[in-house]
Amino acid sequence: MSLEIRIAASTDASAACNVLRRSIEECCVSDHKNDPAILAAWLGNKNPETVASWFASPTNFSLVALERGEVVGVALLTGAGKLALCYLLPEALRHGVGKALLQRMEQQACSWGVKALQLHSTASGEAFFASQGYVQAGKVRSPYGVETIFFWKQLDAVAGEPDGKRKRFCNCNSNSA
């Protein structure tokens with residue numbers, strides 16, 4: 001698999017919209033239960049024009065994941081530290097695409113000084129976010145009628161440190177005076 005993660009451009013809006021719509025329709029059936037009213041509400045703003053406006057917003061950071069030049073994933077982080085989108089095509093699930101997008105979003109949030117990332121997950125995405133170190137903090141009903149799980153993750157620990165502790169700038173012993 002040749003995976004590329006890059007900043008989303010307005011020219012990606014149509015392909016990203018396809019990812020959003022297919023992911024919701026095909027991967028989130030246990031959430032929407034094929035209820036036409038829920039689907040209509042959930043998909044209502046998933047059109048190329050709206051997606052392009054999300055990508056263009058200076059307060060958002062948007063990424064697309066590409067395999068062999070085709071958009072297979074999309075993620076969006078708000079300046080407030082909310083992961084607003086993290087969707088994949090059904091055929092891209094369980095290939096590391098979601099993990100790669102999420103790690104890049106966490107890096108961006110850290111570069112902005114965001115101390116904790118938050119998101120609302122569907123039940124379909126719950127196990128994925130839990131496996132990436134996100135902590136459940138309750139349930140919230142979405143505006144489109146689906147119960148979501150509120151997750152958050154502390155980001156101020158240094159990435160790659162197994163104990164989550166920051167490295168020291170010197171080799172001094174913290175117990176010495």
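Display the accessible surface of the whole protein in this predicted model: the area comes to about 9700 Å², and carbon and sulfur atoms account for 52% of it. With the surface hidden again, colour by burial; of the 177 residues, 40% are buried.

The protein has six helices and seven strands, and along the sequence they follow the pattern β-α-α-α-α-β-β-β-α-β-α-β-β. If contacts are drawn between residues at least 6 apart in sequence, 61% of them join residues at least 24 apart.

Now select helix 1 (residues 13–27) together with helix 4 (residues 48–56). Their axes lie 8 Å apart, and the helices pack at an angle of about 110°. Since an angle of 65 to 115 degrees counts as roughly perpendicular, helix 1 and helix 4 are therefore roughly perpendicular to each other. Show the side chains at this contact: helix 1 contributes Ala13, Ser14, Ala16, Cys17 and Leu20, while helix 4 contributes Pro48, Val51, Ala52, Trp54 and Phe55. In the contact of helix 1 with helix 4, nine residues are nonpolar, one is polar and none is charged.

Move on to helix 5 (residues 97–111) and select Arg104 within it. Is Arg104 buried, partly exposed or exposed? Its relative accessible area is 28%, so Arg104 is partly exposed. Leaving aside residues up to four places away in sequence, Arg104 touches Ile5, Phe61 and Leu63. Finally, draw a distance between the C-alpha atoms of Arg104 and Ile5: the separation is 8.3 Å, although the two residues are 99 residues apart along the chain.

Methods. Residues are numbered from 1 along each chain as its sequence is written. This is a predicted model: local features need pLDDT of at least 70, side-chain atom pairs count only at pLDDT 80 or more; totals for chains, interfaces and linings use all residues. Side-chain values use heavy atoms; hydrogens and water are left out. Axes are lines fitted to C-alpha atoms, for helices over the stretch in contact, and angles run from 0 to 180 degrees between N-to-C directions. Helices (H or I, at least four residues) and strands (E, at least two) are DSSP runs, numbered from the N terminus. Angles under 35 degrees count as roughly parallel, over 145 as roughly antiparallel, 65 to 115 as roughly perpendicular and the rest as oblique. Contact means heavy atoms within 4.5 Å. Ala, Val, Leu, Ile, Met, Phe, Trp, Tyr, Cys and Pro count as nonpolar, Asp, Glu, Lys and Arg as charged, and the others, Gly among them, as polar. Buried means under 20% relative accessible area, exposed over 50%, partly exposed in between (1.4 Å probe, protein chains only). Accessible areas come from the Shrake-Rupley method with a 1.4 Å probe; for residues, only the protein chains shown count as cover.
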